[in-house]
Amino acid sequence: MNVLPVYGNSPEPSDHIATENSSPVTSASAIQKMVARLNKEQQNVNDLLSSLGFALRSFNNLNQFLELIPLMGCRVTDADGGALVLFKPNGQVRFQQLHCQEGQKCQDIRKALEIATRQLIAETTLLAELQEVSIQAASLDYQVSNYLGNDVQLFGTSILVKNSERGRLYVFSHDPEYAWTPTRQKLIRLVADQTAVAIANDELSSSLREKERLDREVEIGAEIQLQLLPPKCPEIPGVTLAARCKTANRVGGDYYDFIPSNYDQVNSKQKKQDSCKWSIVIGDVMGKGVPAGLIMTMTRGMLRAEVLNRHSPARVLQHLNQVMYADLENSHRFVTLFYSEYDPETTILSYSNAAHHPPMLWQAASNSIVNLDTLGMLIGLEVDSEYNEAQVKLHPGDTIIYYTDGFTDAANKHGDRYDDIKLSQAFKFACQNYQEPQEILDYLFEQVDQFVGVENNNPDDMTLVVMRVKLNEK
């Protein structure tokens, strides 16, 4: 604690209780008066500190509370006045508040403090690494003491918030007989501690309000993202579907979609609609949280617009990459995407892959699993990336799972991953024992959850789409 030089340390007149010539009666009377005076002073101090505590609990405005501090400092110590100077977290200095009896002496005090503060501000225009708070406090003490002179009995103490000095509280007296006793110094430190609590509470409240605002924005983002995902799986002739997206955070970077090639008929109110091709797509933005969710939303919009052009899967990915390249390059994030198009008339699935985990196809006739994959780079990595495409004819009972790496990267407490082999084995078992895609989807999610364990949380988003060709339809 940095204490300024104390001037005029002679004992207070009240400290002389009795002389050698005093009678016992006179001494007893003096002691009684002294005890009564001390009790009254103690009661006054307790009342003042209690009032300060009440203000601390009641005031919502920090500035209103800080206005009381110099007043309280001088009242509890019976001094002439007090001043409060604060250090902001960024190193700036602010002359906050002064309390004293108006007059020439008060004007001199104000001028001295303003000059000292300006001098300190001029000295702290150095590089940030040189702006140490301890240096600021020592320099301010020196400037204040220098400008006030030896005629003022001055005491200064630190205002510490989380072990960081955030200001100085000064209390002064023009009385040459005034002494800064240990009791008075302790009282000033108590007032300074209350000031530190008020500053810390205000900063905590500000942080909580900011957190609530950000949480609300994230909540809105999560609601919007949830609305952008398909509310239910569409009815596509010849196949049944199931899908689920389980985000690690409220806003995730996983994406799946079902996009009809003929919006007019699908979205019309006509009961009878011509059969059309359906795009089934799954993607994953590198990263998590709000940034990944925003890119996912952008990807969805651009891809839906591109599908209207009715290009081949490879051309769709090529155009999408060219459009998104500039935005993704600046964000330093990329997208993996598997795009497929199913034709109910021919039961042919055409597809192209942009470095996404290849979907697994379980072929019912041979009871075997093959990966659906083609060569292609991440979306947004290179502007001139080219993409290949392939086709596969599906037969009754054939089942496909589209998934993100949240499945295969899920790890248990030992660090073992639920890799492609484990997923493939679980997928084959599910296809052999369950008929409905929803049952297969539920089983695969349960297997991952059991593998990870209830005590561990999967840090990544998990998305799964299951498509099965009906047994009784072509």
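Let me start with strands β10, residues 360–363, and β11, residues 368–371, which in this predicted model pair in the antiparallel sense over 4 bridges. Within that pairing W362 stands opposite I369 of β11, and the two strands form a hairpin that leaves 4 residues between them, where N367, in the turn, has a positive phi of about 50°.

Moving on to the helices, α10, which covers residues 420–433, packs with α11, residues 437–452, at an angle of about 140°, and their axes are 10 Å apart. The crossing of α10 past α11 is right-handed. On the α10 side the contact is made by K422, L423, A426, F427, F429, A430 and C431, and on the α11 side by I440, Y443, L444, Q447 and F451; sorted by class, that contact has 10 nonpolar residues, 1 polar and 1 charged.

Now to the aromatic rings, of which a search of the whole structure finds 9 pairs. The rings of F338 and Y402 have centres 5.8 Å apart and planes at 65°, and the pair is therefore edge-to-face. Because F338 lies in strand β8, residues 335–343, and Y402 in strand β13, residues 399–403, this pair ties together parts that are 64 residues apart in sequence, and both F338 and Y402 are buried.

For F407 and F445 the ring centres are 5.0 Å apart and the planes stand at 65°, so this pair is also edge-to-face. It links distant parts of the chain, with F407 in helix α9, residues 405–408, and F445 in helix α11, 38 residues apart, and F407 and F445 are both buried.

Finally, ring pairs also link F155, Y178 and W180 into a cluster.

Note on methods: Residues are numbered from 1 along each chain as its sequence is written. This is a predicted model: local features need pLDDT of at least 70, side-chain atom pairs count only at pLDDT 80 or more; totals for chains, interfaces and linings use all residues. Side-chain values use heavy atoms; hydrogens and water are left out. Two strands pair if DSSP finds at least two bridges between them. Axes are lines fitted to C-alpha atoms, for helices over the stretch in contact, and angles run from 0 to 180 degrees between N-to-C directions. A crossing is left-handed if the near helix is turned anticlockwise from the far one by less than a right angle, and right-handed if clockwise. Contact means heavy atoms within 4.5 Å. Ala, Val, Leu, Ile, Met, Phe, Trp, Tyr, Cys and Pro count as nonpolar, Asp, Glu, Lys and Arg as charged, and the others, Gly among them, as polar. Rings of Phe, Tyr and Trp (its six-membered ring) pair if their centres lie within 6.5 Å; planes under 30 degrees apart count as stacked, over 60 as edge-to-face and the rest as tilted. Buried means under 20% relative accessible area, exposed over 50%, partly exposed in between (1.4 Å probe, protein chains only).
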